[in-house]
Amino acid sequence: MNEKKCPVAKKCGGCQLQNMTYADQLQYKQKKVKALLSRFAKPEKIVGMKNPYYYRNKVQAAFATNSRNRIISGVYQSSSHKIVCVNSCLTEDEKADKIIVDIREMLPKFGLSAYDEKREIGFLRHVLVKRGFSTGEIMVVLVTATNIFKSKNAFITAL
């Protein structure tokens, strides 16, 4: 298997085992399960995936504005509220990641802003995307700081 490396793995905190090969990840998890459950039962061997990438069907991203006044979206850095900007994640559904990036790029075009936690102003706080792999259905949830959504219908149509 061709191992891929995440460029933001050290900052992100979303996939703490990304620094290991997939085989090592499975071995690590097997040891952990054995240590936690072996006194109750004999754990079976963990079965790995053929392709251990892009499998998460639920993707959530926080939104903010960076120091250059650009809207960013991604995940909170481990143990913080600092957002690590992510365009594509090796564990998240690729289509969901694309939808989040599209929303990020659409916000300024529709005069919408990301929420600023410190100043308590702005519009978009989070986006949640869930994808049904077998049905092909996609749900997009926008978590906003206000119920006033300028150009809502046009935004939804563009999305």
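F123 has 5% relative accessibility, so F123 counts as buried; the word means under 20% relative accessible area, with exposed over 50% and partly exposed in between, for a 1.4 Å probe and protein chains only. This is a predicted model, where local features need pLDDT of at least 70 and side-chain atom pairs pLDDT 80 or more, while totals for chains, interfaces and linings use all residues. Residues are numbered from 1 along each chain as its sequence is written, and side-chain values use heavy atoms, leaving out hydrogens and water.

I start with the overall layout. The protein has 159 residues, and buried ones make up 30% of them. Along the principal axes, its C-alpha atoms fill a box of roughly 55 × 35 × 35 Å. There are 4 helices and 5 strands, taken as DSSP runs (H or I, at least four residues, for helices; E, at least two, for strands) and numbered from the N terminus. In what order do the elements run from the N terminus on? The order is α-α-β-β-β-α-β-β-α. Take the contacts between residues at least 6 apart in sequence: 51% of them join residues at least 24 apart. Contact here means heavy atoms within 4.5 Å.

The structure holds 4 aromatic pairs. In one of them, the ring centres of Y53 and Y54 are 6.3 Å apart and the planes are at 50°, so this pair is tilted. Both Y53 and Y54 are buried. F123 and F149 make another tilted pair, with 4.9 Å from centre to centre and 55° between the planes. Where in the chain do F123 and F149 lie? F123 is in the loop between α3 and β4, and F149 is in the loop between β5 (138-144) and α4 (152-158); they are 26 residues apart, and the pair links distant parts of the chain. To count as a pair, rings of Phe, Tyr or Trp (its six-membered ring) need centres within 6.5 Å; planes under 30 degrees apart are stacked, over 60 edge-to-face, and the rest tilted. F123 and F149 also belong to a cluster that ring pairs build together with F110 and F155.

Next, the nonpolar cores. A core is a set of buried Ala, Val, Leu, Ile, Met, Phe, Trp, Tyr and Cys residues joined through side-chain atoms within 4.5 Å. The largest core has 18 residues, and those that touch the most other members are F63, I100, I103, L107, L124, V127 and F155. Which elements give two or more residues to this core? They are β1, α3 and β4. Of these, α3 gives the most, with 6 residues. Look at I103: setting aside neighbours within four places in sequence, I103 is in contact with F63, L124, V127, V140, L142, F155 and L159. Another core lies apart from the largest one; it has 9 residues, including C6, V8, C12 and V86.

H126 sits in strand β4, which covers residues 124-131. Is H126 buried or exposed? At 18% relative accessibility, H126 counts as buried. Beyond four places in sequence, the contacts of H126 are Q60, A61, A62, F63, Y76, V141, L142 and V143.

R56 is found in the loop between α2 (22-37) and β1. Because its relative accessibility is 31%, R56 is classed as partly exposed. Residues up to four places away in sequence are not counted here; apart from those, R56 touches G14, T91, E92, D93 and F133. How far is R56 from K109? The two are 53 residues apart in sequence, and their C-alpha atoms are 29 Å apart in space.

F110, F123, F149 and F155 are linked into a cluster by ring pairs. H126 is buried in the model, whereas R56 is partly exposed.
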